[in-house]
Amino acid sequence: MKIARKVIDLPPSGIRKYFDIASTIKDVISLGVGEPDFITPWRVREASIYGLEKGRTTYTSNWGLLELRELISKYTYDGTGVYYDPGDEVLVTTGVSEGIDLAVRAITDPGDEILVVEPSYVSYKPCVIMAGGVPVPVATTEENGFKVRREDLEAKITPRTIAIIMNYPNNPTGAIMTKKDLEEVADVAVEHGLMMLSDEVYEKLTYEGRHASIASLNGMRDNTILLNGFSKAFAMTGWRLGYACGNPDVIEAMMKIHQYTMLCAPITAQVGAIEALRNGQKDMLEMVKEYDRRRRVIVRGFNALGMHCFEPRGAFYSFPSIKFTGLSSEEFAERLLYEQGVVTVPGSVFGEPGIGHLRCSYCASMEDIKEALARIGRFLDGLRKEERAPRIRKAAKK
Amino acid sequence: MREVLELLEKDSRLTARDIAEQTGLNEKDVERFIKEMESRGIIKRYKAIIDWEKYGDDSVYAIIEVQLNPERNVGYDAVAERISKFPEVVTCMLVSGDHDLHLVIKGKTMKEVAFFVAEKIAPLSQVTHTATHFMLRSYKQEGEIMFEKEEDSRLVIHP
């Protein structure tokens, strides 16, 4: 069958290979996951089951259940200090992934350029391409704490630039932006009349200080599409539930696309999300506390191994540098998997500034994290013993 | 410092060093705090939660509801303390509702438990009534789910 040129040209997923290798190795420990190792809190599951028992199996409003939107409005106000009208400024989406796609499609005309702050989650650039736009990567560096700065953005702005996509707390680096850091970005956006697509799905996973949303800054509320969801904070990845908040024009535009592609987010997930927002905060805070403990253990562990590790202050990823080994991210990840059975994600998957890094998620039990660190230590010892430039061994060691 | 206690309650084998690593607290401070909690009797004991049934042990547990006449001056304390001292009594608490003491008794056989109640608890002068409920199965014990846990079915790698 004929496949569209645009789709053929989309780059393939950079992680497929590792997935295939891992399936052939026994006793794998994974630091490669992008989702909580907690199961959705029982009260949320139980509420959804009850909803099913009561026959809540219908479509909902295209916008999502009003009760859920009201709770999202309150939750967002509590978290960011920005009020969105649940009537026409909140749209419930099928995961933040859909939210990103809708936001990009709602604002992009052919040839429009959108700045994508990197390292970044893998869907932003393909979404822009599919919408007919041109993604323009903006690199951040470890020296600057993987924060995006005025000059990084301004160097990439052209008359065709319409928006910036960014994600803080960040996947894969764990970087956060403080209010002060964000002000610089807000100024750029206002001066150049750019829209802001802010993926804040890791909002609640901020370990030092409080999350700041760019939407809360002067002049930004109506230029920002705030994207968030339930996957990370409430351990609800498979439920596929997110939401977008913004000014009524853009939310209406997104809703138009949403109604023709998705109709509405699944009601079972919406019913669960209502319970999550009503009574799930305590469960959520417990999980955040546990991530924070693991964060300390893994960062300390990498540093003790002599791997320089940027200190993540948000999300649930660490992003150690492996440049000192002389291996590329892909070589390192592949050999580590073959030789020690530890799954990680090469930083290069997340864009050019991720090269030379490894994304290690700490969504794993404390035992697994410690075992993984021990194995990485053995792997590094092995590397040190190798005299010449290492070659990738094709056969699994065990 | 409360977090130190919370962590130990979940896993009493954590060392001061583990806890310091996880919380960012100073190891020496954690050590000192644990010592203090031990000496003040806030940390009572370090123990394991064991699924004896799975091990093959067929001990019998029973919940005993005990109704009491409180005594002048000492209320329920004297009799409750007296009952608590029997090693067969695993748990003893004063509760609200239609009985006063809630006991958990452990024995080798149902008969042993029944005789213990009949010989040691029921005859006490303050005890007006007892009801014995033998435990058939434990689903959750001290916060620990005793049946099959939900498995980790995540994909090993995801962006």
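Let's start in chain A. Arg294(A), Val297(A), Ile298(A) and Gly301(A) in α11(A) meet Met366(A), Ile369(A) and Leu373(A) in α13(A). Meeting here is contact: C-beta atoms, placed from the backbone, within 7 Å. The residues of this contact divide into five nonpolar, one polar and one charged. Nonpolar covers Ala, Val, Leu, Ile, Met, Phe, Trp, Tyr, Cys and Pro; charged covers Asp, Glu, Lys and Arg; the others, Gly among them, are polar.

This is a predicted model: local features need pLDDT of at least 70, side-chain atom pairs count only at pLDDT 80 or more, and totals for chains, interfaces and linings use all residues. Residues are numbered from 1 along each chain as its sequence is written, and chains are lettered from A and ligands numbered from 1 in the order in which they are written.

Next, Val345(A). Is Val345(A) buried or exposed? Val345(A) is buried, because 30 other C-beta atoms lie within 10 Å. The cut-offs: buried takes 20 or more other C-beta atoms within 10 Å, exposed 12 or fewer, partly exposed in between, with C-beta atoms placed from the backbone. Leaving aside neighbours within four places in sequence, its contacts are Ile15(A), Gly32(A), Ala333(A), Arg359(A), Ile157(B) and Pro159(B).

Now the chain contact. It takes 21 residues from chain A and eleven from chain B. Chain B's side divides into three nonpolar, four polar and four charged.

Last, confidence. For the complex, the predictor gives an ipTM of 0.79 and a pTM of 0.90.

Key:
Contact = placed C-beta atoms within 7 Å. Helix = DSSP H or I, 4+ residues; strand = E, 2+ residues; numbered from the N terminus.
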